[in-house]
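User: Can you walk me through this one? I'd like to start with the charged pairs and then go to the DNA.

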There are 2 protein chains.
Amino acid sequence: MADSKKYNVEVRVWIEEAEGAFLGIGKIWLLENIKKTGSITNAAKEMKMAYRQAWQLVEEMNQRAESPLVEKLLGGKGGGGARLTDAGERAITIFYEVEKRIKEFAQKETQNLKF
Amino acid sequence: MADSKKYNVEVRVWIEEAEGAFLGIGKIWLLENIKKTGSITNAAKEMKMAYRQAWQLVEEMNQRAESPLVEKLLGGKGGGGARLTDAGERAITIFYEVEKRIKEFAQKETQNLKF
DNA sequence: ATTCAGTATGTTTTAAAATGAATACTGATG
DNA sequence: CATCAGTATTCATTTTAAAACATACTGAAT
(Lines give C-alpha, C1' and ligand atoms only; values in the text may rest on other atoms or scores of the structure.)
Protein backbone atom coordinates (compact mmCIF):
# COMPACT_ATOMS: atom_id res chain seq x y z
CA MET A 1 0.00 0.00 0.00
CA ALA A 2 1.64 3.19 -1.19
CA ASP A 3 1.36 6.33 0.90
CA SER A 4 -0.84 8.97 -0.68
CA LYS A 5 1.68 11.75 -0.22
CA LYS A 6 5.39 11.97 -0.78
CA TYR A 7 7.64 13.89 1.55
CA ASN A 8 11.29 14.55 1.21
CA VAL A 9 13.98 16.34 3.07
CA GLU A 10 15.48 19.55 1.83
CA VAL A 11 18.72 20.91 3.17
CA ARG A 12 20.25 24.36 2.99
CA VAL A 13 23.96 24.54 3.69
CA TRP A 14 26.10 27.55 4.48
CA ILE A 15 29.35 28.43 6.18
CA GLU A 16 29.42 30.48 9.35
CA GLU A 17 32.18 32.53 10.82
CA ALA A 18 32.38 34.40 14.13
CA GLU A 19 30.45 37.41 12.80
CA GLY A 20 27.67 35.37 11.25
CA ALA A 21 26.82 33.83 7.89
CA PHE A 22 29.83 33.87 5.61
CA LEU A 23 29.12 31.87 2.48
CA GLY A 24 25.96 30.28 1.12
CA ILE A 25 24.66 29.28 -2.27
CA GLY A 26 23.70 32.86 -3.13
CA LYS A 27 27.23 34.16 -2.72
CA ILE A 28 28.57 31.14 -4.57
CA TRP A 29 26.37 31.97 -7.57
CA LEU A 30 27.67 35.50 -7.41
CA LEU A 31 31.27 34.28 -7.40
CA GLU A 32 30.55 32.08 -10.39
CA ASN A 33 29.02 34.96 -12.29
CA ILE A 34 31.89 37.28 -11.46
CA LYS A 35 34.24 34.66 -12.80
CA LYS A 36 32.14 34.29 -15.92
CA THR A 37 31.58 37.98 -16.68
CA GLY A 38 34.68 39.66 -15.24
CA SER A 39 32.82 42.30 -13.28
CA ILE A 40 30.42 42.78 -10.41
CA THR A 41 28.20 44.93 -12.62
CA ASN A 42 27.71 42.24 -15.22
CA ALA A 43 27.44 39.47 -12.69
CA ALA A 44 24.64 41.41 -11.00
CA LYS A 45 22.83 41.91 -14.32
CA GLU A 46 23.15 38.22 -15.11
CA MET A 47 21.50 37.43 -11.79
CA LYS A 48 18.92 40.20 -12.03
CA MET A 49 20.20 41.58 -8.77
CA ALA A 50 20.98 45.20 -7.93
CA TYR A 51 24.66 46.15 -8.32
CA ARG A 52 24.65 47.64 -4.86
CA GLN A 53 23.55 44.37 -3.32
CA ALA A 54 26.10 42.35 -5.27
CA TRP A 55 28.84 44.75 -4.27
CA GLN A 56 27.88 44.50 -0.61
CA LEU A 57 27.96 40.72 -0.74
CA VAL A 58 31.45 40.84 -2.21
CA GLU A 59 32.60 43.20 0.55
CA GLU A 60 31.21 40.91 3.19
CA MET A 61 32.87 37.85 1.71
CA ASN A 62 36.20 39.53 1.36
CA GLN A 63 36.22 40.88 4.88
CA ARG A 64 35.20 37.62 6.48
CA ALA A 65 37.51 35.39 4.52
CA GLU A 66 41.09 35.04 5.69
CA SER A 67 42.11 36.38 2.33
CA PRO A 68 39.82 38.05 -0.23
CA LEU A 69 37.83 35.86 -2.59
CA VAL A 70 37.36 38.61 -5.17
CA GLU A 71 39.96 40.99 -6.48
CA LYS A 72 38.53 44.31 -7.58
CA LEU A 73 40.19 46.37 -10.28
CA LEU A 74 39.51 50.09 -10.12
CA GLY A 75 39.54 52.42 -13.08
CA GLY A 76 41.73 51.93 -16.11
CA LYS A 77 40.76 50.39 -19.40
CA GLY A 78 37.14 49.34 -19.38
CA GLY A 79 36.63 51.04 -16.02
CA GLY A 80 38.04 48.11 -14.13
CA GLY A 81 36.34 44.89 -13.17
CA ALA A 82 36.54 42.03 -10.73
CA ARG A 83 37.97 38.54 -10.78
CA LEU A 84 38.28 35.62 -8.44
CA THR A 85 41.40 35.04 -6.43
CA ASP A 86 42.71 31.53 -5.91
CA ALA A 87 40.92 31.56 -2.57
CA GLY A 88 37.74 32.49 -4.44
CA GLU A 89 38.12 29.58 -6.83
CA ARG A 90 38.81 27.22 -3.97
CA ALA A 91 35.78 28.50 -2.06
CA ILE A 92 33.47 27.46 -4.89
CA THR A 93 34.95 23.99 -5.07
CA ILE A 94 34.93 23.43 -1.33
CA PHE A 95 31.40 24.71 -0.92
CA TYR A 96 29.96 22.42 -3.57
CA GLU A 97 31.84 19.42 -2.21
CA VAL A 98 30.54 19.98 1.29
CA GLU A 99 27.03 20.70 0.06
CA LYS A 100 26.95 17.62 -2.13
CA ARG A 101 28.07 15.25 0.60
CA ILE A 102 25.54 16.60 3.07
CA LYS A 103 22.65 16.54 0.60
CA GLU A 104 23.43 13.00 -0.51
CA PHE A 105 23.55 11.85 3.09
CA ALA A 106 20.27 13.62 3.82
CA GLN A 107 18.52 11.88 0.92
CA LYS A 108 19.94 8.49 1.74
CA GLU A 109 18.98 8.69 5.39
CA THR A 110 15.40 9.77 4.91
CA GLN A 111 13.36 7.43 2.79
CA ASN A 112 9.68 6.88 3.44
CA LEU A 113 8.85 9.83 5.61
CA LYS A 114 5.31 9.83 6.80
CA PHE A 115 3.26 12.63 8.36
CA MET B 1 50.07 26.83 13.17
CA ALA B 2 46.44 27.49 13.91
CA ASP B 3 44.27 29.25 11.36
CA SER B 4 43.33 32.75 12.37
CA LYS B 5 39.63 32.24 11.67
CA LYS B 6 37.23 29.43 12.43
CA TYR B 7 34.58 28.39 9.99
CA ASN B 8 31.87 25.85 10.45
CA VAL B 9 29.01 24.48 8.51
CA GLU B 10 25.44 25.31 9.34
CA VAL B 11 22.53 23.30 8.04
CA ARG B 12 18.88 24.10 7.82
CA VAL B 13 16.57 21.14 7.38
CA TRP B 14 12.95 21.05 6.34
CA ILE B 15 10.43 18.69 4.84
CA GLU B 16 8.95 19.33 1.44
CA GLU B 17 5.77 18.05 -0.06
CA ALA B 18 4.35 18.47 -3.57
CA GLU B 19 2.95 21.94 -2.84
CA GLY B 20 6.15 23.27 -1.29
CA ALA B 21 7.68 23.58 2.17
CA PHE B 22 5.75 21.53 4.67
CA LEU B 23 7.56 21.41 7.98
CA GLY B 24 10.61 23.26 9.27
CA ILE B 25 11.95 24.22 12.65
CA GLY B 26 9.56 27.18 12.95
CA LYS B 27 6.46 25.01 12.65
CA ILE B 28 8.02 22.49 15.00
CA TRP B 29 8.45 25.17 17.65
CA LEU B 30 4.84 26.13 17.12
CA LEU B 31 3.73 22.53 17.60
CA GLU B 32 5.74 22.29 20.79
CA ASN B 33 4.18 25.46 22.14
CA ILE B 34 0.68 24.34 21.26
CA LYS B 35 1.35 21.15 23.15
CA LYS B 36 2.69 23.12 26.10
CA THR B 37 -0.01 25.79 26.29
CA GLY B 38 -3.09 24.01 24.95
CA SER B 39 -4.06 26.71 22.47
CA ILE B 40 -2.88 28.51 19.35
CA THR B 41 -3.48 31.84 21.05
CA ASN B 42 -1.16 31.11 23.95
CA ALA B 43 1.41 29.37 21.79
CA ALA B 44 1.57 32.48 19.63
CA LYS B 45 2.01 34.71 22.68
CA GLU B 46 4.77 32.49 23.98
CA MET B 47 6.58 32.86 20.67
CA LYS B 48 5.81 36.57 20.29
CA MET B 49 4.15 35.83 17.01
CA ALA B 50 0.81 37.13 15.74
CA TYR B 51 -2.13 34.77 16.30
CA ARG B 52 -3.03 35.19 12.66
CA GLN B 53 0.35 33.91 11.56
CA ALA B 54 0.31 30.98 13.97
CA TRP B 55 -3.16 30.02 12.87
CA GLN B 56 -2.14 30.09 9.21
CA LEU B 57 0.85 27.87 9.88
CA VAL B 58 -1.39 25.37 11.60
CA GLU B 59 -3.80 25.37 8.67
CA GLU B 60 -0.96 24.78 6.25
CA MET B 61 0.44 21.93 8.24
CA ASN B 62 -2.89 20.24 8.68
CA GLN B 63 -3.77 20.47 5.02
CA ARG B 64 -0.45 19.17 3.78
CA ALA B 65 -0.10 16.34 6.23
CA GLU B 66 -1.83 13.07 5.44
CA SER B 67 -3.70 13.51 8.66
CA PRO B 68 -3.89 16.69 10.75
CA LEU B 69 -1.10 17.42 13.21
CA VAL B 70 -3.21 19.74 15.34
CA GLU B 71 -6.73 19.17 16.56
CA LYS B 72 -8.65 22.37 17.11
CA LEU B 73 -11.43 22.55 19.67
CA LEU B 74 -14.08 25.15 18.98
CA GLY B 75 -16.19 26.85 21.64
CA GLY B 76 -17.13 25.17 24.86
CA LYS B 77 -15.45 25.53 28.20
CA GLY B 78 -12.59 28.00 27.99
CA GLY B 79 -13.58 28.85 24.45
CA GLY B 80 -11.84 25.85 23.04
CA GLY B 81 -8.19 25.29 22.34
CA ALA B 82 -5.85 23.17 20.34
CA ARG B 83 -3.84 20.05 20.96
CA LEU B 84 -1.50 17.80 19.06
CA THR B 85 -2.75 14.65 17.42
CA ASP B 86 -0.65 11.49 17.51
CA ALA B 87 0.56 12.47 14.06
CA GLY B 88 1.56 15.83 15.49
CA GLU B 89 3.55 14.23 18.29
CA ARG B 90 5.23 11.90 15.85
CA ALA B 91 6.08 14.78 13.51
CA ILE B 92 8.10 16.48 16.25
CA THR B 93 10.01 13.32 17.04
CA ILE B 94 10.72 12.46 13.43
CA PHE B 95 11.78 15.96 12.54
CA TYR B 96 14.29 16.22 15.34
CA GLU B 97 15.69 12.76 14.60
CA VAL B 98 16.23 13.59 10.96
CA GLU B 99 17.65 17.01 11.78
CA LYS B 100 20.03 15.62 14.38
CA ARG B 101 21.44 12.95 12.12
CA ILE B 102 22.04 15.39 9.29
CA LYS B 103 23.62 18.03 11.50
CA GLU B 104 25.91 15.52 13.16
CA PHE B 105 27.02 14.24 9.81
CA ALA B 106 27.60 17.78 8.59
CA GLN B 107 29.82 18.58 11.57
CA LYS B 108 31.75 15.37 11.36
CA GLU B 109 32.42 15.75 7.66
CA THR B 110 33.63 19.31 7.75
CA GLN B 111 36.55 19.91 10.07
CA ASN B 112 39.21 22.49 9.30
CA LEU B 113 37.49 24.53 6.68
CA LYS B 114 39.68 27.24 5.27
CA PHE B 115 38.77 30.27 3.17
C1' DA C 1 42.69 66.70 -19.88
C1' DT C 2 38.72 64.03 -21.75
C1' DT C 3 36.61 59.80 -22.27
C1' DC C 4 34.86 55.56 -20.50
C1' DA C 5 33.02 51.58 -17.93
C1' DG C 6 33.20 49.75 -13.64
C1' DT C 7 33.73 50.51 -8.63
C1' DA C 8 32.03 52.92 -4.38
C1' DT C 9 28.40 55.01 -1.59
C1' DG C 10 24.37 57.56 -0.05
C1' DT C 11 19.40 58.47 -0.64
C1' DT C 12 14.78 57.47 -2.09
C1' DT C 13 11.01 54.32 -3.73
C1' DT C 14 8.72 50.26 -3.92
C1' DA C 15 7.14 46.00 -2.65
C1' DA C 16 6.45 42.29 0.50
C1' DA C 17 5.60 40.54 4.90
C1' DA C 18 4.39 40.78 9.54
C1' DT C 19 1.60 42.91 12.88
C1' DG C 20 -2.45 44.89 15.14
C1' DA C 21 -7.06 45.93 15.50
C1' DA C 22 -11.70 44.78 14.81
C1' DT C 23 -15.59 41.42 14.37
C1' DA C 24 -18.19 37.27 14.02
C1' DC C 25 -18.44 32.42 15.35
C1' DT C 26 -18.50 28.30 18.45
C1' DG C 27 -20.42 25.49 22.20
C1' DA C 28 -19.87 23.78 27.15
C1' DT C 29 -21.28 25.65 31.44
C1' DG C 30 -23.75 28.14 34.97
C1' DC D 1 -29.97 32.12 27.39
C1' DA D 2 -25.91 34.98 28.75
C1' DT D 3 -21.13 34.40 29.51
C1' DC D 4 -16.55 33.41 28.20
C1' DA D 5 -12.09 32.36 26.01
C1' DG D 6 -10.35 30.63 22.05
C1' DT D 7 -11.00 29.91 17.03
C1' DA D 8 -11.85 32.03 12.38
C1' DT D 9 -11.45 35.93 9.14
C1' DT D 10 -11.07 40.56 7.19
C1' DC D 11 -8.90 44.94 6.83
C1' DA D 12 -5.78 48.75 7.83
C1' DT D 13 -1.18 49.76 9.51
C1' DT D 14 3.59 49.16 10.39
C1' DT D 15 7.94 47.19 9.64
C1' DT D 16 11.34 45.36 6.83
C1' DA D 17 13.93 44.32 3.05
C1' DA D 18 14.94 44.89 -1.61
C1' DA D 19 15.35 47.44 -5.52
C1' DA D 20 15.95 51.74 -8.04
C1' DC D 21 18.01 56.04 -8.56
C1' DA D 22 21.60 59.30 -8.32
C1' DT D 23 26.37 60.78 -8.00
C1' DA D 24 31.33 60.60 -7.00
C1' DC D 25 35.57 58.26 -7.75
C1' DT D 26 39.27 55.60 -10.26
C1' DG D 27 42.97 55.21 -13.68
C1' DA D 28 44.48 53.34 -18.36
C1' DA D 29 44.15 54.93 -22.96
C1' DT D 30 43.77 58.29 -26.37
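**Salt bridges and the chain contact**

Analyst: A:E17 and B:K5 form a salt bridge between their side chains, 2.9 Å from N to O. The term covers a side-chain nitrogen of Lys or Arg within 4 Å of a carboxyl oxygen of Asp or Glu.

User: Why does that pair join two chains?

Analyst: A:E17 lies in strand β1 of chain A and B:K5 in the segment before β1 of chain B, so the pair joins two chains. Helices (H or I, at least four residues) and strands (E, at least two) are DSSP runs, numbered from the N terminus.

User: What should I know about the model and the numbering?

Analyst: This is a predicted model, where local features need pLDDT of at least 70, side-chain atom pairs count only at pLDDT 80 or more, and totals for chains, interfaces and linings use all residues; side-chain values use heavy atoms, with hydrogens and water left out. Residues are numbered from 1 along each chain as its sequence is written, while chains are lettered from A and ligands numbered from 1 in the order in which they are written.

User: How many salt bridges over all chains?

Analyst: The whole structure has 23 salt bridges over all chains. Five salt bridges cross the interface of chain B and chain A. One pair is A:R101 with B:E109, at 2.8 Å from N to O.

User: How many residue pairs are in polar contact between chain B and chain A?

Analyst: There are 17 such residue pairs, with both residues at pLDDT 80 or more. A polar contact is a pair of N or O atoms within 3.5 Å; within protein, one must be able to donate a hydrogen and the other to accept it, and residues adjacent in sequence count only if both atoms are side-chain atoms.

User: Which elements of chain B supply the side that touches chain A?

Analyst: β1 (8–17), β2 (20–23), α3 (51–64) and α4 (86–108) of chain B each supply at least two residues. β1(B) gives the largest share, 10 residues. By class, that side of chain B has 18 nonpolar, five polar and 12 charged residues. Here Ala, Val, Leu, Ile, Met, Phe, Trp, Tyr, Cys and Pro count as nonpolar, Asp, Glu, Lys and Arg as charged, and the others, Gly among them, as polar.

User: And how much area do chain B and chain A bury?

Analyst: About 3100 Å² between them, with 65% of it on carbon and sulfur atoms. Buried area is the accessible area (1.4 Å probe) that two parts lose on being put together, summed over both. The contact (heavy atoms within 4.5 Å) takes 35 residues from chain B and 35 residues from chain A.

User: In what sense do β1 of chain A and β1(B) pair?

Analyst: Antiparallel, over nine bridges. Two strands pair if DSSP finds at least two bridges between them. A:R12 has B:R12 as its bridge partner.

User: What does β1(B) form with β2(B)?

Analyst: A hairpin, with two residues between the strands. β1(B) and β2(B) pair in the antiparallel sense over three bridges. B:I15 is partnered with B:L23 there.

User: OK, DNA now. Which residues are closest to DNA strand C?

Analyst: A:T41, A:R52, A:W55, A:G79 and B:G75 are the closest of the 22 residues that surround DNA strand C. A residue is near a strand if one of its heavy atoms lies within 4 Å of it.

User: Where does B:G75 sit?

Analyst: In the turn of the hairpin that β3(B) and β4(B) form, with five residues between them. B:G75 has a positive phi of about 65 degrees. The two strands pair in the antiparallel sense over five bridges.

User: And which residues come nearest DNA strand D?

Analyst: B:I40, B:T41, B:R52, B:W55 and B:G79, out of 20 residues around DNA strand D. A backbone N or O atom of B:I40 lies 2.7 Å from a phosphate oxygen. Chain A takes part too: a polar backbone atom of A:K77 is 3.4 Å from a sugar or linking oxygen of DNA strand D.
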